[in-house]
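Dear colleague,

Please find the sequence and structure below. My notes on helix packing, nonpolar cores and aromatic rings follow.

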Amino acid sequence: MDLKLTAEHQRFRMEVRAFLQENLPEDLRQAARRQFHIAPEMMRRWQQILNGKGLAAPGWPVEAGGTGWSAIQRYIYDEEYCMADGPLPLQMGHGVQIIGPVLYTYGTAEQKARYLPRILSGEDFWAQGFSEPGAGSDLASLRTRAVRDGDDWVITGHKIWTSLAHHANMLFLLARTDPDVKPQKGISFFVFPIDTPGVTVRPIISIDRGHSLNETFYDEVRIPADSLIGEEGQGWTYAKFLLGHERFNIAEIARTKRRLQRLWQIAADMPCGEGTLAQDRSFCDKITALEIELASLEQLGLRVAWEMDEGISNMQSASILKLRGTRLIQSVTELSVEAMGYAGLAFHPAQDGSQLSPPAPESAQGKMEEMLFLRAATIYGGSSETQLNILANLIYAEV
């Protein structure tokens, strides 16, 4: 397996870099540098720019409206995108990266025609209704019910940690349709407008003082029969497919590489003794250790991309990427706040929605907010404990 990029790959990189230099708005770059939560209207504007250039969905096949790029090309695009300070794609909701692949893989022709173009254009903003108060990483324990009533489904239940639901107009949701079979077999997958009567959204303000999370309640929510995606009772299968895509993205290898560059800049800007923190050997050793870990993770990410292009399915790699990637995210963001020192203590909302640390240099703005929110990185998308269980079961099955 040759993980080196070819001359053709390098030409593709230069094309991507030029595109981002010419098209990524400077105000969006500045927002991505200074704050973690980006206003939806800014993200929608960027999605419309991408869609106009045919780049709204780098990971989708051409027939679904995507680029048809290989996994290696998507890896390169993501790296250049993050180095250009592009905002986190999930700030545009869960449309392109999560529900889109489920729809074009398992949806009917009518469902694809109805939903995919509106995801690409940014007209629809999607939220995900999976986790429940008693069923977070253990989705098989979910209790939200969907009961067939004539030509409708009626949904009753309660979801939590519903990211960006207050901005969304569309929702995809897992609900139990058969309580009498094995838990994983009785779950179905639904999509419907979030303003359907009976849906209530309540905010959850997280430790970073930001509002991206919500509770959602479903009080006899009536939706048409064609809101069901795929086959009844196969929601668990579709959720595993979805989470496999999500875990690859959640590793955030390219974004962590950019975070490490920002960390070096913070260290260069922060005074330490008669020089700066970047001249402190002990602190530099800490950054170098993280760079070594990142280099190892990059090789794994390239290997997974190569396997995807070769049609090789590797569930172990998806879990390892998620496990190691999110741990590294936390280590880098924690060290960034440590580098800020006293400047990290002054932390309050600003008028533009960012969370500023006024005494800190420009390079450090938004780092406290990012670190606090990303304490959840080892939980969402399948907790670290869940990933370890998955890996243990996969290894045991091969013995």
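Is Tyr77 buried or exposed? Tyr77 counts as buried, at 8% relative accessibility, where buried means under 20% relative accessible area and exposed over 50%, with partly exposed in between (1.4 Å probe, protein chains only). Trp69 is buried as well, with a relative accessible area of 16%.

As to the basis of these values, this is a predicted model, in which local features need pLDDT of at least 70 and side-chain atom pairs count only at pLDDT 80 or more, while totals for chains, interfaces and linings use all residues. Residues are numbered from 1 along each chain as its sequence is written, and side-chain values use heavy atoms, leaving out hydrogens and water.

Aromatic rings

The whole structure contains 15 aromatic pairs; rings of Phe, Tyr and Trp (its six-membered ring) pair if their centres lie within 6.5 Å, and planes under 30 degrees apart count as stacked, over 60 as edge-to-face and the rest as tilted. Trp69 and Tyr77 form a tilted pair, 5.2 Å centre to centre with 50° between the planes. Phe130 and Phe189 have ring centres 6.2 Å apart and planes at 90°, so this pair is edge-to-face. Phe130 lies in the loop between strand 1 (126-129) and strand 2 (145-149), and Phe189 in strand 5 (residues 187-193), 59 residues apart; strands (E, at least two residues) and helices (H or I, at least four) are DSSP runs numbered from the N terminus. Both Phe130 and Phe189 are buried, and they belong to one aromatic cluster whose members include Tyr106, Trp126 and Phe241.

Helix 1

The buried residues of helix 1 are His9, Phe12, Arg13, Val16, Phe19, Leu20 and Asn23. They cover an arc of only 130° around the axis, which puts them on the same side of helix 1; the arc is that of the directions from the helix axis to the C-beta atoms. The face turned away from this buried side carries the exposed residues Ala7, Arg11, Glu15, Gln21 and Glu22. The buried residues of helix 1 pack against helix 2 (26-34), helix 3 (40-52) and helix 4 (71-83).

Nonpolar cores

A nonpolar core is a set of buried Ala, Val, Leu, Ile, Met, Phe, Trp, Tyr and Cys residues joined through side-chain atoms within 4.5 Å. The largest has 72 residues, of which Trp46, Ile155, Phe190, Phe192, Tyr218 and Phe283 touch the most other members. Helix 9 (residues 281-309) gives this core its largest share, nine residues. Apart from it lies another core of 30 residues, among them Ala64 and Ile119.

With kind regards

Definitions and conventions. Contact means heavy atoms within 4.5 Å.
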